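Here is a short briefing for a reader new to this structure. Look over the sequence and the model before reading on.

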Amino acid sequence: MAKGTVRLADVAKAAGVSQGTASNVFSRPDVVREEVREHVLETAKRLGYAGPSLTGRLLRAGKVNAIGVAAVEPLAYFFDDPWARALLAAVSQVCDASGTGLALVSAKDRQTLDWNIKSALVDGFILLCVEGGEKLVQLTRERQLPFIALALNDDDPSIASISVDNLGGAAVAARHLAELGHKRFGVLATELSDDHVGPVGVAEIERAIYSTSRDRALGYWQALEAFGIRRENVPIYETTNDKPSVEAGLDFLFSAPEPPTAILAMSDNIALLAINWLRARGLSVPQDVSVIGFDGVPEGGMVEPGLTTMAQPFAEIAQRAVKAVLEDAVPVEREMIDVTLVVRGSTAVPKDNR
């Protein structure tokens with residue numbers, strides 16, 4: 001008999017015991033007499049049977065004590081993107097504390113992602129919906145497991161999600177700079193729509209398909225209009241949150257006759273790239289240009305000057321998300337969490353006001 005075809009029933013037959021007794025040897029050895037247990041184990045070893053499938057046992061029990069974190073991105077996204085990395089670290093800490101396993105589920109290709117979600121041995125999913133949120137939600141719903149969506153760019157109230165107050169947080173960021181005395185602003189936006197990089201106007205913002213970016217722009221405008229700065233006078237450049245598009249945006253903003261003295265970056269990643277670009281061109285932060293980010297990733301506190309930002313409470317988000325999945329207690333309505341202004345060295349009074 002080939003080893004790969006040996007089943008528990010074969011072991012029971014060869015050992016001269018019932019299949020129930022053979023099963024107990026592996027799953028409940030304490031209820032089997034020692035001599036019977038040793039005889040069955042010796043028979044199993046001789047036949048090349050290693051024991052029942054752990055995967056099968058877990059699936060029959062209905063729980064595998066693991067959570068899947070899913071994204072419509074290559075696997076490297078979890079490690080390369082500062083926001084994803086910070087969130088994953090927070091989720092990992094919560095899972096470590098409860099002894100829960102963690103599986104990363106990702107793929108850019110729809111067919112591969114479909115298979116990865118269907119085959120993942122998890123009790124539920126945390127969905128990182130920065131991009132492709134609708135696709136992630138659809139595939140996860142088909143799996144019929146608990147899930148919670150984070151950074152969802154969709155206003156559908158039927159989707160269980162945890163989000164931060166993007167509009168309110170952006171308003172606080174813009175107000176901070178305006179109160180310092182800044183009057184000339186530039187916005188480096190995260191994606192507003194698919195397959196576009198470049199300057200955008202009011203109309204493009206209002207019909208944006210990604211609500212996170214739209215709400216942050218609306219928050220900036222609301223705060224600045226209270227200081228007499230019209231939204232039409234605040235240039236916005238849509239990026240893909242990477243170095244080439246951010247640098248193209250800065251080239252655009254600083255080619256203006258009166259370039260901005262303050263940059264509103266919709267992510268800390270964009271803000272950090274902006275600081276490097278400014279420094280390379282002999283512009284000092286914050287003496288020449290103030291920069292504020294959004295997210296509160298750890299890297300923002302490690303640079304010089306430290307990055308002023310709107311910090312998301314990663315630990316609280318992770319705690320709520322893991323609890324919702326493990327306890328099958330996903331919120332009926334979208335939960336919104338406040339962000340906090342963290343003032344560091346990248347923002348200051350503009351040069352003209354000193």
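Predicted model: local features only at pLDDT ≥ 70, side-chain atom pairs only at ≥ 80, totals over all residues.

Another open sheet has seven strands with mixed pairing. The structure also holds ten salt bridges.

- Strands β1 and β2 run parallel and are joined by six bridges.
- Val 69 has Leu 104 of β2 as its bridge partner.
- Strands of a sheet pair through backbone hydrogen bonds, either parallel or antiparallel.

**A nonpolar patch**

- Leu 75, Phe 79, Leu 102 and Leu 104 make a nonpolar surface patch of about 340 Å².
- Leu 104 of this patch is also the bridge partner of Val 69.
- Leu 75 sits in the loop between β1 (66-71) and α5 (77-80).
- Is Leu 75 buried, exposed or partly exposed? Its relative accessibility is 45%, so Leu 75 counts as partly exposed.

**The seven-stranded sheet**

- The strand order here is β7-β8-β6-β9-β10-β11-β13.
- The edge strands are β7 (198-200) and β13 (340-342), and each of these pairs on one side only.
- Neighbouring strands of this sheet are turned by 25° against each other on average, direction ignored.
- Strand β11 (residues 308-311) runs antiparallel to β13, and three bridges join the two.
- The bridge partner of Thr 309 in β13 is Val 342.
- Helix α13 (residues 268-280) packs on the sheet and touches β6, β9, β10 and β11. Its direction makes about 155° with that of β10.
- Helix α11 (residues 211-225) lies across β6 (185-189), β8 (236-238), β9 (262-265) and β10 (290-295). This helix runs at about 145° to β9.

**Salt bridges**

- Side chains of opposite charge can pair when their charged atoms come close.
- Lys 118 and Asp 114 meet in a salt bridge through their side chains, at 3.5 Å from N to O. Both residues lie in helix α7, four residues apart, about one turn of the helix.
- Lys 118 has a relative accessible area of 48%, so it is partly exposed.
- The side chains of Arg 214 and Asp 215 also meet in a salt bridge, at 3.2 Å from N to O. Are these two residues buried or exposed? Arg 214 and Asp 215 are both buried.
- Arg 230 and Glu 232 form a salt bridge, with their closest N and O atoms 3.5 Å apart. Both Arg 230 and Glu 232 are exposed.

**Gly 168**

- Gly 168 lies in helix α9 (residues 166-180).
- With 22% relative accessibility, Gly 168 counts as partly exposed.
- Gly 168 and Ser 106 are 62 residues apart in sequence. In space, their C-alpha atoms are 31 Å apart.

Key: Residues numbered from 1 in each chain as written. Heavy atoms only, no water. Patch = residues over 30% accessible without salt bridge, like charges linked within 9 Å, V, L, I, M, F, W, Y side chains within 5 Å. Areas by Shrake-Rupley, 256 points an atom, 1.4 Å probe, with all protein chains shown as cover. Salt bridge = Lys/Arg side-chain N within 4 Å of Asp/Glu carboxyl O. Buried < 20%, exposed > 50% of the residue type's maximum accessible area, 1.4 Å probe, protein only. Pairing = 2+ DSSP bridges. Axes fitted to C-alpha atoms, helices over the stretch in contact; angles between N-to-C directions. Contact = heavy atoms within 4.5 Å.
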